[in-house]
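Hi,

Here is the structure I said I'd pass on.

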2 protein chains.
Amino acid sequence: MKRFTEKIRPTAHEGLEKRIIEHLDNLTKPPGSLGRLEEFALRYCLCKGNAVAMLEKIELFTFAGDHGITEENITPFPSEVTSQMVVNMAAGGAAVSVLCRNAGIGYAVVDMGVKSELNDMPNLIKRKVAYGTNNFAHQPAMTEEKTMEALERGFHLAEQSHAHILGIGEMGIGNTSSASAIYSLVLGLDAKTTVGAGTGSNGDFLERKIAAVQKGIDLHRDATGDDPLKILSRVGGYEIAGMTGIILGAASNRIPVAIDGFIASAAALIAMRLEKNTRDYLFFSHASAEKFHRNFLAKEGIRPILSLDMWLGEGTGAVLALQIIKQAMVCYSQMATFTSAGVSNKE
Amino acid sequence: MKRFTEKIRPTAHEGLEKRIIEHLDNLTKPPGSLGRLEEFALRYCLCKGNAVAMLEKIELFTFAGDHGITEENITPFPSEVTSQMVVNMAAGGAAVSVLCRNAGIGYAVVDMGVKSELNDMPNLIKRKVAYGTNNFAHQPAMTEEKTMEALERGFHLAEQSHAHILGIGEMGIGNTSSASAIYSLVLGLDAKTTVGAGTGSNGDFLERKIAAVQKGIDLHRDATGDDPLKILSRVGGYEIAGMTGIILGAASNRIPVAIDGFIASAAALIAMRLEKNTRDYLFFSHASAEKFHRNFLAKEGIRPILSLDMWLGEGTGAVLALQIIKQAMVCYSQMATFTSAGVSNKE
């Protein structure tokens, strides 16, 4: 585990921060008037350890995997939708694909643990660790070995990337249940608090979902304690472990990551608990409409970039946040200064 | 006046709305999961009166003008900053210019009433009505004739535009005072409620600013009553009138408009009071950090798209909102449907 976290350094640097803020204040605008765009530019430059950092190349990955917990009849969508949507994403027809294309963001979907065998496609990266997880209401979702394998594969994607910043999202029927179980076990909350409708689990579906997640929490609580890796392994999923891995790999290589919504945030929570400095590299893209997400962000003192009632996942919220972070750095890098533009400052 | 408003029709259309929502629900995502992006796509298509509307060409205008109220020593920035910033915007060095360039948005700055004579520049549109307003603490800011002239010039810009959607912002030292006076007179509020720091008016500057705006309100209240045009003329500005004009011209031609922040919203308020159907065509981009803006939006029942603590103006918030509206329409137009992608729907 140590190799995944030992290179993650805090980004704080007093001298560098001063230089970045000096530059921001020298741009042709009143100091602070770009609001959070200035915060994003500052944080981005601190991640890079560079007061003249570039932000050109952006890549977004959707991590996909299937979930045994769907046996509990917790969602109206059949498991096959996972692989069908992976194909749709790779073919360019999903929301995340069209959003990335229009934003000039490099895109790929990563098969971490989809049930079925997938054919080769241009924007599909095959990193399958297993054909879906076990039903965590009855047994561990993944073995610890396979969890490490998924982490490793995610970590390696970040190491290989030439992107200046990454975005991550996910696809996996059943994975809001896994995410809720992770929040519950890490934060010590019951299923009623952390489980929401996910993708259309209302009425009886929602009741069964809460019951199944609570069963999983009760079953695994003693074995996991507050060990984030054990929690990930017992109730998580391959795509969640892949996201945790890429986050750690990105932070190890000073690459910031835009975290999508409810499930990606659960992966981020594991990564932050494994190494608290990880947080410096994360941009939480949006407050999802999924019930517990806003509470989670508030509990951790995180202010998301957007709040647009989205709950699709895939990385769709991350795309929009990345466009804003990019614009923050466009201002930082391309605006004229008071001197260069001959604009008077305050009297 | 009638010719500015008589063509503005409400966008509501039951049959069309049904077709748009049917298409949204047929895209490969759970219905409603793109949250407000679906609301934006619906509203945009209704504006166009077309269930297969295009959103390709986007233009943003920054309206500029000077303000006599600056004689009251209400801001630490000298009036010359207005024309200096207009030159900076046209030359491509201002925040709004670099943001538009990166977003592929056509950009121009419009001189509606800058004090000084400006040289020709490629992205500068010269529509000067006068060399700044009079000091509204002592006399009407503009004559009614010149107000109509400014409205006409803004209106004409929209009529000439080939853009599918427009964005508007402004530049004018002193213009938060005008905007506050407009809010006060239209909504019946005192200056203490509507005046904020604007661009760096703190401490003594803020006290003088509140006093000057209140003086203007008291001076003009009886003459204006609740007539939006009289209010605009007595306490507004040429750039504000230009924005009101382009909003009316855009709505008359079914072109939606992204409204920037505090001052652009004051122009929008006048336009909405002149013709209430105008509102259907407006997207309020963001909640500015300027004190009264969030209250204004709440009073009118408007939920802004973004909330990023920005208070620069120029149209900077509108650029970011336009990118999101564009992405909403990219999803609407380019996503695969359940049938075309072979994805299973709910069981």
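**Salt bridges and symmetry**

B:Asp218 has a relative accessible area of 43%, so it is partly exposed (buried is under 20%, exposed over 50%, partly exposed in between, with a 1.4 Å probe and protein chains only). Bear in mind that this is a predicted model, where local features need pLDDT of at least 70, side-chain atom pairs count only at pLDDT 80 or more, and totals for chains, interfaces and linings use all residues. Residues are numbered from 1 along each chain as its sequence is written, chains are lettered from A and ligands numbered from 1 in the order written, and side-chain values use heavy atoms, without hydrogens and water.

B:Asp218 forms a salt bridge with B:Arg221, closest N and O atoms 3.6 Å apart (a side-chain nitrogen of Lys or Arg within 4 Å of a carboxyl oxygen of Asp or Glu). Both sit in helix H9 (residues 204-224) of chain B, three residues apart; helices are DSSP runs of H or I, at least four residues, numbered from the N terminus. B:Arg221 is partly exposed too, at 41%.

Over all chains there are 26 salt bridges. One of them joins A:Arg3 and A:Glu152 at 2.7 Å; they lie in helices H1 and H6 of chain A, so the pair ties together parts 149 residues apart in sequence.

As for symmetry, a 180° rotation with 0.0 Å of shift along its axis puts chain A on chain B, RMSD 0.0 Å (least squares on C-alpha atoms of residues with pLDDT of at least 70 in both). That is the relation of a two-fold axis. In chain A, the C-alpha nearest the axis belongs to A:Leu306, 3.4 Å away.

Cheers

Definitions and conventions. Helices (H or I, at least four residues) and strands (E, at least two) are DSSP runs, numbered from the N terminus.
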